[in-house]
Amino acid sequence: PDDPSQYMESELALHEHIQALNGLAAGATELYPLLLKQEDFWIDLAQLLSHENADVSQTVIKVLVEWLDPSLIETTESVMDLAKQAADTCVDLVVANLGRITDDDDDGNGDDGNQWSDAVEDILTMMENLLGLAMDETIVASIAKTPLISWLVEQISTSESEFADRSTELLALLWQQPLLWENNTWKELTRIPKYTSSLVETPEPVPNKNGNDDDDKPTTTIDALEVILQAVAKFRKKQPSSEMEVDYLENLCTALASALTLVGKPLVDA
């Protein structure tokens with residue numbers, strides 16, 4: 001019963017069935033209204049996004065990215081309704097998958113060498129598509145309930161992160177939305193919660209030699225305002241040296257200006 005190979009055939013079949021759903025975006029968008037009426041389908045989709053095999057959930061996310069391609073709005077308005085449905089039922093689990101995508105997923109073999117990186121990019125693209133398709137209360141409120149902003153800020157704070165540039169793009173897009181700031185989680189930017197995933201077990205703190213683990217507990221918040229200011233400060237004495245750096249700095253300033261304008265309360269303690 002502990003032999004994983006016995007499940008290989010069924011999981012390969014599941015993977016193929018999920019990939020087949022890509023065809024809806026390729027030439028059967030007229031079926032989107034039918035998907036919206038299938039409550040059981042969305043329940044099943046949510047279960048697949050939390051599947052213990054991360055490859056299964058990543059395949060589902062790829063399908064959602066295809067379904068929510070903004071270019072499809074030219075052929076069917078139903079894609080906007082699909083975006084709202086996806087935001088309502090799936091966005092929290094999609095963001096939770098960021099927590100279990102690590103370098104360990106990279107087996108270094110051929111095209112699979114970038115598997116984990118591609119999986120993260122798919123999630124960021126899906127969030128971008130959602131916001132681009134239907135910028136309304138449903139979409140923004142659903143994203144605001146997830147720890148996506150925390151994850152983005154943490155990527156910006158880590159110089160080694162390959163997703164720092166993409167994170168500034170999405171953060172600037174999110175922070176320009178007035179509806180976001182109605183969620184109390186983000187109103188104190190100097191103390192936003194660190195990213196956690198419902199799909200990853202959080203390890204218990206290890207007591208120190210005195211038997212008291214209070215001093216060893218990691219901080220549970222991050223100063224988002226400080227992270228942005230530090231990132232901007234890198235250009236205090238030098239000009240951006242590439243178009244990518246120009247975009248990076250522009251997104252940081254857009255995010256900062258949006259927060260100062262829209263948060264509706266002081267961002268720092270008096």
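Helix H9 spans residues 137-144, and its buried residues are Ile139, Val140, Ser142, Ile143 and Ala144. Buried means under 20% relative accessible area, exposed over 50%, and partly exposed in between, with a 1.4 Å probe and protein chains only. Helices (H or I, at least four residues) and strands (E, at least two) are DSSP runs, numbered from the N terminus.

The buried residues of H9 pack against five named helices: H6 (78-89), H7 (91-96), H8 (115-133), H10 (148-157) and H11 (164-175).

## About the model

This is a predicted model, where local features need pLDDT of at least 70 and side-chain atom pairs count only at pLDDT 80 or more, while totals for chains, interfaces and linings use all residues. Residues are numbered from 1 along each chain as its sequence is written, and side-chain values use heavy atoms, with hydrogens and water left out.

## Helix H5

Helix H5 covers residues 54-67. From first C-alpha to last, H5 reaches 20 Å, close to the 20 Å expected at 1.5 Å a residue. The expected span is 1.5 Å times one less than the number of residues.

H5 is mostly covered, with eleven of its 14 residues buried. Among them are Ala54, Val56, Val60, Leu64 and Trp67. At the N-terminal end, Asn53 caps H5. A side-chain oxygen of Asn53 lies 2.9 Å from the backbone nitrogen of Asp55.

## Aromatic pairs

Rings of Phe, Tyr and Trp (its six-membered ring) pair if their centres lie within 6.5 Å; planes under 30 degrees apart count as stacked, over 60 as edge-to-face and the rest as tilted. The count comes to seven aromatic pairs. The ring centres of Trp116 and Phe163 are 6.0 Å apart and their planes lie at 80 degrees, so this pair is edge-to-face. The pair links distant parts of the chain: Trp116 sits in helix H8, Phe163 in the loop between H10 and H11, 47 residues apart.

Both partners are buried: Trp116 has a relative accessible area of 14%, and Phe163 has 5%. Elsewhere, ring pairs link Tyr32, Phe41, Trp42 and Trp67 into a cluster.

## Ile222 in strand S2

Where is Ile222 placed? Ile222 belongs to strand S2, residues 221-222. Ile222 is buried, at 12% relative accessible area.

Ile222 and Tyr195 are 27 residues apart in sequence and 9.2 Å apart in space, C-alpha to C-alpha. Contact means heavy atoms within 4.5 Å. Leaving aside neighbours within four places in sequence, Ile222 is in contact with residues including Val153, Glu154, Leu189, Ile192, Pro193 and Val227.

How values were computed. A polar contact is a pair of N or O atoms within 3.5 Å; within protein, one must be able to donate a hydrogen and the other to accept it, and residues adjacent in sequence count only if both atoms are side-chain atoms.
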